[in-house]
Amino acid sequence: MSRLRPSGGYRKLRTFQAATIIYDATVWFCERFVDSRSRTVDQMVQAARSGRQNIAEGSRAAATTSQTELRLVNVARASLEELLLDYEDFLRHRHLPQWTAECAEAGVVRNVPAKFRQDRSAQSDLTDLTDLSDQEWWALYAPWLDHEDAVVRANALICLINQCNYLLDQQIAALEAAFIGEGGYSEQLATARLAERNRVKQDRSDQTDPTDRIPGCPQCGKAMVLRTARQGANKGQSFWGCSGYPECRGVEAL
């Protein structure tokens, strides 16, 4: 039987592509700006890795269980929320400024995808964001993520994490709606199994000798038995006769 649900394809997901940038940028941020002896390094890198890897694992798990897919995408969302707080803490503990949502710098970073689409449209280039390689994605954000100033890098990553979390919230909502409307994999499998059992049952019914289906007597309702006419025009032919014979003489054609 073919798989009921598609799976994989996570490399084309905007959430996975954004999480990949965040993971790579976090590794290099920690190498450059966080004391390697601090536990924070491991915590930040693992949170960034969890965000990316759980999106991929959830996409692959979709082949067998939509509940696991939903759970893993939620884990990815929670991991990136943890990482968001780590970057905010980095800035706050060092008395460094955090960009507000309304400031120009944050707006430019948030607008990178829209600017990419505008530039490609002006060039009549049909390349979509999801078609970009990891290196091409990085190049879009390199002015901030390769910056010498930790403030610029941390704030740019905060913008990216917020965008990725927004996309993950949409992805989770879509998965929840699909689960409610269509059921999970186990429900779909049970439905398919029931349909197959009914088909087999119908096939067997069509092939069953009609004498295996015992009717009730049309006169008294008792079970009928298969009899063979011994005389008359129907001699040698089978028919249903009431099991209450001779008290009841109900008959039915076979």
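# Briefing on a predicted helical and stranded chain

Helix α6 (residues 134-145) has 12 residues, yet its end C-alpha atoms are only 14 Å apart, short of the 16 Å that a straight helix would reach at 1.5 Å a residue (the expected span being 1.5 Å times one less than the number of residues). Helices (H or I, at least four residues) and strands (E, at least two) are DSSP runs, numbered from the N terminus. This is a predicted model, in which local features need pLDDT of at least 70 and side-chain atom pairs count only at pLDDT 80 or more, while totals for chains, interfaces and linings use all residues. Residues are numbered from 1 along each chain as its sequence is written, and side-chain values use heavy atoms, with hydrogens and water left out.

**Confidence and layout**

- The protein chain has a mean pLDDT of 86, and 89% of its residues reach 70 or more, where pLDDT is the predictor's confidence in each residue, from 0 to 100.
- Confidence is lowest in helix α8 (residues 185-207), with a mean of 70, and highest in helix α1 (residues 14-33), with 96.
- The protein chain holds 8 helices and 3 strands, and from the N terminus on its elements run α-α-α-α-α-α-α-α-β-β-β.
- Of the 254 residues in the protein chain, 39% are buried (buried means under 20% relative accessible area, exposed over 50% and partly exposed in between, with a 1.4 Å probe and protein chains only).
- Among contacts between residues at least 6 apart in sequence, 63% join residues at least 24 apart, a contact meaning heavy atoms within 4.5 Å.

- In α6 the residues Trp137, Trp138, Tyr141, Ala142, Trp144 and Leu145 are buried.
- These residues cover an arc of only 160 degrees around the axis, which puts them on the same side of α6; the arc is that of the directions from the helix axis to the C-beta atoms.
- An α-helix has 3.6 residues a turn, so residues three or four places apart point the same way.
- The 20 residues of α1 should span 28 Å at 1.5 Å a residue, and its end C-alpha atoms are 28 Å apart, which agrees.
- Because 14 of the 20 residues of α1 are buried, this helix is largely enclosed by the rest of the structure.

**Nonpolar cores**

- The largest nonpolar core has 55 residues, and those with the most contacts inside it are Leu83, Tyr87, Tyr141 and Leu145 (a nonpolar core is a set of buried Ala, Val, Leu, Ile, Met, Phe, Trp, Tyr and Cys residues joined through side-chain atoms within 4.5 Å).
- Two or more residues are given to this core by each of α1, α2 (39-61), α3 (66-93), α4 (104-110), α5 (112-122), α6 and α7 (150-182), and α7 gives the most, with 13 residues.
- Apart from this core lies another, of 5 residues, among them Met224, Trp240, Cys242 and Cys248.
- Leaving aside neighbours within four places in sequence, Leu83 is in contact with Ile22, Thr26, Met44, Ala47, Ala48 and Ile161.

**Aromatic rings**

- The count comes to 5 aromatic pairs, where rings of Phe, Tyr and Trp (its six-membered ring) pair if their centres lie within 6.5 Å, and planes under 30 degrees apart count as stacked, over 60 as edge-to-face and the rest as tilted.
- The rings of Tyr10 and Phe16 have centres 5.0 Å apart and planes at 70 degrees, so this pair is edge-to-face; Tyr10 is buried at a relative accessible area of 18%, and Phe16 is buried at 4%.
- The rings of Phe29 and Tyr87 have centres 5.2 Å apart and planes at 70 degrees, so this pair too is edge-to-face, and the pair links distant parts of the chain, with Phe29 in helix α1 and Tyr87 in helix α3, 58 residues apart.
- Phe29 is buried, with a relative accessible area of 0%, and Tyr87 also counts as buried, at 0%.
- Phe29, Phe33, Tyr87 and Phe90 form one aromatic cluster.

- Phe33, placed in helix α1, is in contact with Phe90, His147, Glu148, Asp149, Ala150 and Arg153, leaving aside neighbours within four places in sequence.
- The C-alpha atoms of Phe33 and Ala154 are separated by 9.9 Å, although these residues are 121 residues apart along the chain.
- Asn165 lies in helix α7 and is buried, with a relative accessible area of 3%; not counting residues up to four places away in sequence, Asn165 touches Arg77, Leu80 and Glu81.
- Asn155 is in helix α7 and is buried, with a relative accessible area of 1%; not counting residues up to four places away in sequence, Asn155 touches Leu91, Pro97, Gln98 and Trp99.
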